Every structure is written in C-alpha cells, then in structure tokens.
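Please keep the sequence and the model in view while reading.

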Amino acid sequence: EDTDIWKCYLDKGQYDMALQYCQDLVQRDRVKTAQADHYYNNRQYELAATIYAKTNRSFEEIALKFIHKNEREALKAFLLNKLDNIKATESTQMTMVCTWLVEMYLDKLNALKEPKQGDRDELDST
C-alpha cells in the first residue's frame, strides 16, 4: 500500500527517502528517531545529537545518553539544536537549556585557564 512506503524505506535504513513519503508528523518523528538511534549506535554522537533535538524523544533521556557516554560535545550539540526548536512559550525549558550551555562554556573556559598538572610540576621545579 502506498501509505506504508515510508516504512519500507525506514526498514532499509534509507531515512531521507522514508522522510519524503511520510504523511504526518508522527511518521516523521519515528523516522528521525530511528535515524538518530542509528547514528548513536554507530558512535556518530554529534550527528545523532543534531537529529535527536528535532524529535519528540524525552529531553532527559537524550541528555542522559550523552552524559553516560561522557560525550560533552554531543551533549552541547544536542542542547544548541534543542534551543533552536524550543517554542517561545516554553520559557522554563529555554532557561534550563541556556543555563546548562553557559555552564558548559564556563567549564571549558576554566579548563583552558588552569594550567595542567604537568605544567604546574615544571613551574614548581624552576
């Protein structure tokens, strides 16, 4: 049946073709989620993060996936892309994502500012 063509492409892993034949948002979300899962399982975390941000998958679930894998760059990509997709009326989630991103950037700046242990040892021996 023509209405299930998207499923055939999805089963074959042809996500772009599957998306072309989707007839509603639920089908599109299913395809994008499967595509993101595929990239995640193949350790393409940043690409997966970008796609997960465009799905209806639980925010907490996706964030925890990247935290457990210690994939900070993927988490940052997820948060940045999620920020683009948050509705203006969802101010609480927007505030939370922005705060988390600021914390990540500040953490990175602090790491760049502090000398590493090996550098400290060299300074102490002089």
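**Contacts of Gln27**

Gln27 touches Thr3, Trp6, Tyr21 and Cys22, with residues up to four places away in sequence not counted; contact here means heavy atoms within 4.5 Å. The model is a predicted one, in which local features need pLDDT of at least 70 and side-chain atom pairs count only at pLDDT 80 or more, while totals for chains, interfaces and linings use all residues. Residues are numbered from 1 along each chain as its sequence is written, and side-chain values use heavy atoms, with hydrogens and water left out.

**Overall architecture**

- The protein has eight helices and zero strands; helices (H or I, at least four residues) and strands (E, at least two) are DSSP runs, numbered from the N terminus.
- Read from the N terminus, the order of elements is α-α-α-α-α-α-α-α.
- Of the 126 residues in the protein, 30% are buried. Buried means under 20% relative accessible area, exposed means over 50%, and partly exposed lies in between (1.4 Å probe, protein chains only).
- Among the contacts in the protein with a separation of 6 or more, 39% are between residues 24 or more positions apart.

**Gln27 in its helix**

- Gln27 belongs to helix α3, which covers residues 25-41.
- The relative accessible area of Gln27 is 13%, so this residue is buried.
- The side chain of Gln27 reaches the backbone nitrogen of Gln23 at 2.5 Å. A polar contact is a pair of N or O atoms within 3.5 Å; within protein, one must be able to donate a hydrogen and the other to accept it, and residues adjacent in sequence count only if both atoms are side-chain atoms.

- Helix α4 spans residues 45-52, and its residues Tyr45, Ala48, Ala49, Ile51 and Tyr52 are buried.
- The buried residues of α4 line one face of the helix, because they fall within an arc of 170° when seen down its axis; the arc is that of the directions from the helix axis to the C-beta atoms.
- The cover over the buried residues of α4 includes α3, α5 (59-68) and α6 (72-85).
- Two packed helices are described by the angle between their axes and the distance between the axes.
- For α3 and α4 the packing angle is about 165°, and their axes are 8 Å apart. Axes are lines fitted to C-alpha atoms, for helices over the stretch in contact, and angles run from 0 to 180 degrees between N-to-C directions.
- The angle therefore makes α3 roughly antiparallel to α4; angles under 35 degrees count as roughly parallel, over 145 as roughly antiparallel, 65 to 115 as roughly perpendicular and the rest as oblique.
- In this pair, Lys32, Thr33, Gln35, Ala36, Asp37, Tyr39 and Tyr40 of α3 meet Tyr45, Leu47, Ala48, Ile51 and Tyr52 of α4.

**The pair α5 and α6**

- Helices α5 and α6 pack at an angle of about 155°, and their axes lie 8 Å apart.
- The angle makes α5 roughly antiparallel to α6.
- On the α5 side the contact is made by Phe59, Ile62, Ala63, Phe66 and Ile67, and on the α6 side by Ala74, Leu75, Phe78, Leu79 and Lys82.

**Two residues of helix α7**

- Leu101 is located in helix α7, residues 91-113, and counts as buried at 5% relative accessibility.
- The C-alpha atoms of Leu101 and Lys76 are separated by 6.8 Å, although the two residues are 25 residues apart along the chain.
- Tyr105 also lies in helix α7 and is partly exposed, with a relative accessible area of 39%.
- Tyr105 is in contact with Lys76 and Leu80, leaving aside its neighbours within four places in sequence.
- Between the C-alpha atoms of Tyr105 and Lys76, 29 residues apart along the chain, the separation is 9.3 Å.

**Loop residues with positive phi**

- Most residues other than glycine have a negative phi.
- Arg43 is not a glycine, yet has a positive phi of about 60°.
- Arg43 sits in the loop between α3 and α4 and is exposed, with a relative accessible area of 65%.
- Asn70, which is not a glycine either, has a positive phi of about 55°.
- Asn70 occurs in the loop between α5 and α6, where its relative accessible area of 61% makes this residue exposed.
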